[in-house]
Amino acid sequence: MDAVAIVGVGMTQIKRERKADGYPDLVYEASRAALDDAGMSIDQVDNVITVSNDFFDGRTISSMAIQDACGSYDKNVSTVEGDGTFGAFYGLMRILSGSYGTTLVCAHHKGSESQMPLITNAMFDPIYARFLGIDAVTSSALQARAYMEKYGVTEEQCAMVSVKNHGNALKNPVAQLPLELTVEEVMSSPYISDPIKLLDCCPISDGASAVILASGDRAEKITEKAVWVKGVAHCSSAYHLGDRNLYCVCALNEAAKKAYSMAGISEPAQDIDLVELYDAFTYMEPLWLEGLGFCERGEGGNLTASGKTATGGELPVNASGGCLSGNPVLVAGLNRIIECALQVRGDAGEHQVPGVKTALAHGINGPCGQAHCVWILGGEK
Amino acid sequence: MSEEKKDLITLESGEMAQPFRWTAGAYGSKFLTELRDNKKFVGVKCPKCGKVYVPPRRVCGPCYVELTELVPVSGEGEVVTYTVVSFGFVDPATGTQKPVPYGYAAIMLDGSDTVLLHFIDETDPEKITIGARVKAVFEEERTGSLLDIKHFELIRG
């Protein structure tokens, strides 16, 4: 793959409700921040990819309502309806096509403006599944149960993820839910959908973010702090939950394998210094770590319990606080990329992990991680 | 901008609705009419890999071949995974909230290779196990929907 770099990043503060800001306001805030971070003007942006979901916005072709805010006026703009990691993938491909030297990718979400269970219920089949009241939480409960029973991962181990990530958020100024928790507090929080408890869940959030990608030669002219895309891949599995073994992570295995191969990574646990992954629910962190090949199948819970995934550990995971500490849907994956870029640059502030040379960002799309997108970022071209 | 709440305006969408009329398709209709008229389950078998899909659909995703052979499957099967829901959900189709707690499960019917999601008649997670045997209990009045199955009942002892 030709060299492509991240040259600018911007995130809004994530909050339960950004009442003073409509979603175009959030998009402007994030896009402006990314341009300022890159030291670019909007004229230097060759094309724009927006990331949004019409159900969440309550408006069809939701992307077209943010044209002013994302600076796509008189430019080629296209949209990805899915996680921001997938939007960034499309933005990257547009550069690789040779037609564009730079892409601005922006994502927005206002969870405060709609009813999350109704909207996530609507991702399921209207004839065969919606009547259950199935939504993001309860479908994940089915997956959590299948995974925990298959491999003996415990609710306590999942609670440790909540304690760790909410604790990490204490040092992240954009995080929505910095919390000092104990395993006991997580364990005694009420069940939402067994085995998932309140403190196993990400919150409902408002936020936006933006990333500017550039081709190798453009990137070197724009900034000295370019973060290079070393490998990237995505892979999807079956839509119907009933067609999948919910504890299986085959699509993630496949995406990770391709991304590692591109990046020349043979031993992920040794070659990768930091991971930001999509922890919408606590059990997802150990499950995705297994799928990414950081440990054997079924060892994700023990990996968490060992302390290796803590900020001071051998493999810091979600040093930002992750999605558990703020989950503007769609934006959340793009934030994983941004957090990795900041860590590689050494610009992550109080939650900076020393010496991050190679970082992995991960996003999911569809119920229970139907599709996965894996990015490997590094400081060297 | 300030966050002074009294000066910030929000507008409600009110009772706005977006009604849809989804077709169940030819295979879906066969599946639902069999439930309605005969209290029977039907799946479809892949000619290439032999996998039986319930509910039946047109294409086997992994093989990417068209499916034509409808096959009967049992109304009994086993629990693959489950949850007990403690947080109420207002069904947008009916406007009613199912009383909590309620249980639902992914059920592999005998003769099927995919699982069906449905309610189970147990709300104590301690009393449900993966691998538990269950059977379909039908409503008296059936209309041609998955709700013609009242729930799946644990085959106890």
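User: What makes strand β2 and strand β4 of chain A a pair?

Analyst: In this predicted model, strand β2 (residues 47–51) and strand β4 (residues 102–110) of chain A are joined in the parallel sense over five bridges. Two strands count as paired from at least two bridges, so β2 and β4 of chain A, with their five, meet that condition. Within this pairing, Ile49(A) stands opposite Val105(A) in β4(A).

User: In what order do the nine strands of the open sheet in chain A stand?

Analyst: The order is β3-β2-β4-β7-β1-β8-β11-β10-β9 in chain A, and the pairing is mixed. At the edges stand β3 (76–80) and β9 (274–276) of chain A, each with a single partner strand, so one side of each has no neighbour in the sheet. On average, neighbouring strands of the sheet are turned by 25° against each other, direction ignored.

User: Which strands of chain A does helix α4 touch?

Analyst: Helix α4 (residues 84–96) of chain A packs on the sheet, where the strands it touches are β1 (4–11), β2, β3, β4, β7 (206–215), β8 (227–236), β10 (358–365) and β11 (371–378) of chain A, and its direction makes about 165° with that of β4(A).

User: Why is α6(A) described as largely enclosed by the rest of the structure?

Analyst: A residue is buried when 20 or more other C-beta atoms lie within 10 Å of its own, and 13 of the 16 residues of α6(A) are buried, so this helix is largely enclosed by the rest of the structure. From its first C-alpha to its last, α6(A) reaches 22 Å, close to the 22 Å expected at 1.5 Å a residue. After α6(A) comes Gly152(A), whose phi is positive, near 75°.

User: How many residues does each chain bring to the contact, and which element supplies the largest share of the side of chain A that touches chain B?

Analyst: Chain A brings 31 residues and chain B brings 35 residues. On the side of chain A that touches chain B, at least two residues each come from α5 (116–121), α6 (136–151) and β5 (191–193) of chain A, and α6(A) has the largest share, with six residues. That side of chain A divides into 19 nonpolar, five polar and seven charged residues.

User: Why can chain A be called as compact as a globular protein of that length?

Analyst: The secondary structure of chain A comes to 14 helices and 11 strands. The radius of gyration of chain A is 19 Å, which is close to the 21 Å that the globule rule gives for 381 residues, so chain A is as compact as a globular protein of that length. Buried residues make up 63% of the 381 residues in chain A.

User: Is Asp74(A) exposed or buried, and why?

Analyst: Asp74(A) has 7 other C-beta atoms within 10 Å; a residue with 12 or fewer is exposed, and therefore Asp74(A) is exposed. Asp74(A) lies in the loop between α3 (67–70) and β3 of chain A, and has a positive phi of about 60° although it is not a glycine.

User: What makes Lys39(B) partly exposed?

Analyst: Lys39(B) has 15 other C-beta atoms within 10 Å, a count between the limit of 12 or fewer for exposed and that of 20 or more for buried, so Lys39(B) is called partly exposed. The loop that holds Lys39(B) is the one between α1 (25–38) and β1 (41–45) of chain B.

How values were computed: Residues numbered from 1 in each chain as written. Chains lettered and ligands numbered in written order. Predicted model: local features only at pLDDT ≥ 70, side-chain atom pairs only at ≥ 80, totals over all residues. Helix = DSSP H or I, 4+ residues; strand = E, 2+ residues; numbered from the N terminus. Axes fitted to C-alpha atoms, helices over the stretch in contact; angles between N-to-C directions. Contact = placed C-beta atoms within 7 Å. Nonpolar A, V, L, I, M, F, W, Y, C, P; charged D, E, K, R; others polar. Expected span 1.5 Å × (residues − 1). Rg over C-alpha atoms; globule rule 2.2 N^0.38 Å.
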